[in-house]
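Welcome! Here are some exercises to work through with the sequence and the model side by side. Try each task before you read its solution.

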Amino acid sequence: MDFSGDYPAERQRIERGGAEKYHQAAAAAGKYHARERIRRLCDPDSFREDALWANPDPTLPADGVVVGSATVQGRPVRIVANDSTVKAGSWGARTVEKIIRTIEAAQLEQHPIVYLVDSAGARITDQVQLFPGRRGAGRIFHEQVRASGRIPQACALFGPSAAGGAYIPAFCDIVAMVDGNASMYLGSPRMVEMVTGEKTTLEDMGGARVHTELSGVGHFLCRNEDEAIADVRRWLSYLPSNWTQPAPVRAARPPLPVDLAAVVPPSESAPFDMHSFLDGLVDQGSVLEVQARWAGELMTAFARLDGRPVGVVANNSAVRGGVLFSDSADKAARFVNTCDAFNVPLLFLADVPGFMVGSAVEHAGIIRHGAKMIAAVAEATVPKVCVVVRKAYGAGLYAMAGPAFGSDAVLALPTARIAVMGAEAAVNAVYANKIAAIDDPAQRERFVADRRAEYEADVDLRRLAGELVVDDVLAPEELRDDLIARYRRLTHKDRRFADRRHPITPV
């Protein structure tokens, strides 16, 4: 083709994407075109496209994917955006090559990459060209794994991410999913019925609510595409461009006017919402909760203290008593690994009765999942501070960065209790037979009360501070200023941990 006369018109045709009917169908579903998504994500006029001319077939403009570079909030990023108006955003050989080149470029430049996903997966008709080779689709995931922990990888999922393509979101650090449109699945409902006999729907099997509430693959459930894009932009604002840089600092703001002492009930069995406590501790408006709809007994969130990012891991007794389950352990491990990879200090707010017990959770591998969380906490070398807000019992103390796990400080509020287990459970465990042998109810009650008093005296907070289990006991109103000072002092912490290729992580 001679560009001299047709170049402007041909460029416009390619940028338009697929046929008008596909644009209309997308708009009816509340979906933007790939280029409009890029425009809304990026700073004005900052996007520079690569490989626009891929695939001369006029029915496959840009081969169904838009790639290039831009800035987001002034920082360079690389972008991959499926064009669902071109063969439903499916992958051909040049699609795959464009994606691979973009991930490689992001690594060379050490800039974040954002995937704007809306794809039906590989074109079966082109499988020999795109699937099995050294530069085939598998190379995409190889490069994502190689980039993991080096550069932030974010995904906004606007439509399907099918079959092998579902692994693009899975290998990202976060996934924002649009409710009602986004889906991830390895096999379509028709394929599932053929293979297993199960009749299901796309939404029930792999919709946004499934993955943000049940599977944990998704991180943000979004009402529309603008919200998904906003979540990606906000998430990026807490992270550096790559693993060698410090987390970005913003202007400091005071916290919400919350009476922290009043938030925490004196009774260790009375539930309270840790979100309220966090709101009164960190900069106002700075909390970005990650995976808020999954494993709610544990809260993971980015926030800022005096303008500096922190990653918060907090038990929430308002949900299932704050007990740790397999999902909450997985949730914490991934979040801790993300913060540690990208130099975001960690703050643990402990109010944990321990890990769940029973045959059901043992059969589901809770020991393995718990070990994964404990390993992530142990390996994290960023500044980390544990605050025992109310209780830290059993292996819950370990999982929440207790004294043995390289924490730079373990602080306690006056309401704190640290022990193998609570007094009631301990007395029952040790004296069950004696208690059962006492016939007189009043005498039995006095015996139990005396044993509880002995146990509580043994783990008295003043004694634990004297034994250097905790570094300080603070009134709630002193906590924010103390944390700000500690994190400032730890800015240049030596982060060496162990010489090796990689750990054997429990999975």
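**Exercise 1. A residue and its neighbours**

Which residues does Val175 touch, not counting residues up to four places away in sequence?

*Solution.* Keep in mind that you are looking at a predicted model.
- Step 1: Find Val175 in strand E6, which covers residues 174-178.
- Step 2: Look around Val175 and leave out residues up to four places away in sequence; the residues it touches are then Cys155, Leu157, Pro169, Met184, Val217, Gly218, His219 and Phe220.
- Step 3: Check the burial of Val175. Its relative accessible area is 0%, and buried means under 20%, so Val175 is buried.
- Step 4: Val175 and Ala154 are 21 residues apart along the chain, and their C-alpha atoms are separated by 6.3 Å.

**Exercise 2. The whole protein**

Describe the overall build of the protein, starting with its helices and strands.

*Solution.* 
- Step 1: Go through the secondary structure: there are 21 helices and 16 strands.
- Step 2: Compare the radius of gyration with the globule rule. The protein has 26 Å, close to the 23 Å that the rule gives for 507 residues, so it is as compact as a globular protein of that length.
- Step 3: Turn to the principal axes, along which the C-alpha trace spans about 100 × 55 × 45 Å.
- Step 4: Ask how much is buried: buried residues make up 51% of the 507 residues.
- Step 5: Residues 24 or more positions apart account for 72% of them.
- Step 6: Finish with the surface and the charges. The protein exposes about 23,100 Å², with carbon and sulfur atoms supplying 54% of it. There are 58 positive and 63 negative charges, and their mean positions are 4 Å apart.

**Exercise 3. Aromatic pairs**

How many aromatic pairs does the count come to, and how are the rings of Tyr238 and Phe302 arranged?

*Solution.* A pair of aromatic rings is described by the distance of the centres and the angle of the planes.
- Step 1: Take pairs whose ring centres lie within 6.5 Å; the count comes to eight aromatic pairs.
- Step 2: Examine Tyr238 and Phe302. Their ring centres are 5.5 Å apart and their planes are at 25°. Planes under 30 degrees apart count as stacked, so this pair is stacked.
- Step 3: Tyr238 is in the loop between helix H11 (225-237) and helix H12 (260-263), while Phe302 is in strand E10 (residues 298-305). The pair links distant parts of the chain, 64 residues apart.
- Step 4: Check their burial. Tyr238 counts as buried at 1% relative accessibility, and Phe302 is buried with a relative accessible area of 1%.
- Step 5: Follow Phe302 to another partner. Phe302 and Phe335 form a tilted pair, 5.1 Å centre to centre with 55° between the planes. Phe335 lies in helix H14 (residues 326-341) and Phe302 in strand E10, so this pair ties together parts that are 33 residues apart in sequence. Phe335 counts as buried at 5% relative accessibility.
- Step 6: Look for a cluster as well: ring pairs link Phe141, Tyr167 and Phe171.

**Exercise 4. Positive phi angles**

Where do Asn55 and Asp306 lie, and is each one buried or partly exposed?

*Solution.* Most residues other than glycine have a negative phi.
- Step 1: Read the angles. Asn55 is not a glycine, yet has a positive phi of about 70°; Asp306, also not a glycine, has a positive phi of about 55°.
- Step 2: Locate them. Asn55 sits in the loop between strand E1 (48-50) and strand E2 (65-72), and Asp306 in the loop between E10 and strand E11 (308-315).
- Step 3: Decide on burial. Asn55 has a relative accessible area of 13%, so it is buried. Asp306 is at 22% relative accessibility, so it counts as partly exposed.

**Exercise 5. A valine in a strand**

Which residues does Val385 touch, not counting residues up to four places away in sequence?

*Solution.* 
- Step 1: Find Val385 in strand E13 (residues 384-393).
- Step 2: List its contacts beyond that sequence limit: Leu346, Leu347, Phe348, Ala409, Leu411, Leu483 and Tyr487.
- Step 3: Take a distance, C-alpha to C-alpha. Val385 and Tyr431 are 36 Å apart in space and 46 residues apart in sequence.

Terms used
Residues numbered from 1 in each chain as written. Predicted model: local features only at pLDDT ≥ 70, side-chain atom pairs only at ≥ 80, totals over all residues. Heavy atoms only, no water. Helix = DSSP H or I, 4+ residues; strand = E, 2+ residues; numbered from the N terminus. Rg over C-alpha atoms; globule rule 2.2 N^0.38 Å. Buried < 20%, exposed > 50% of the residue type's maximum accessible area, 1.4 Å probe, protein only. Contact = heavy atoms within 4.5 Å. Areas by Shrake-Rupley, 256 points an atom, 1.4 Å probe, with all protein chains shown as cover. Lys, Arg positive; Asp, Glu negative; His and termini not counted. Charge placed at Lys NZ, Arg CZ, Asp CG, Glu CD. Phe/Tyr/Trp six-rings, centres within 6.5 Å; stacked < 30°, edge-to-face > 60°.
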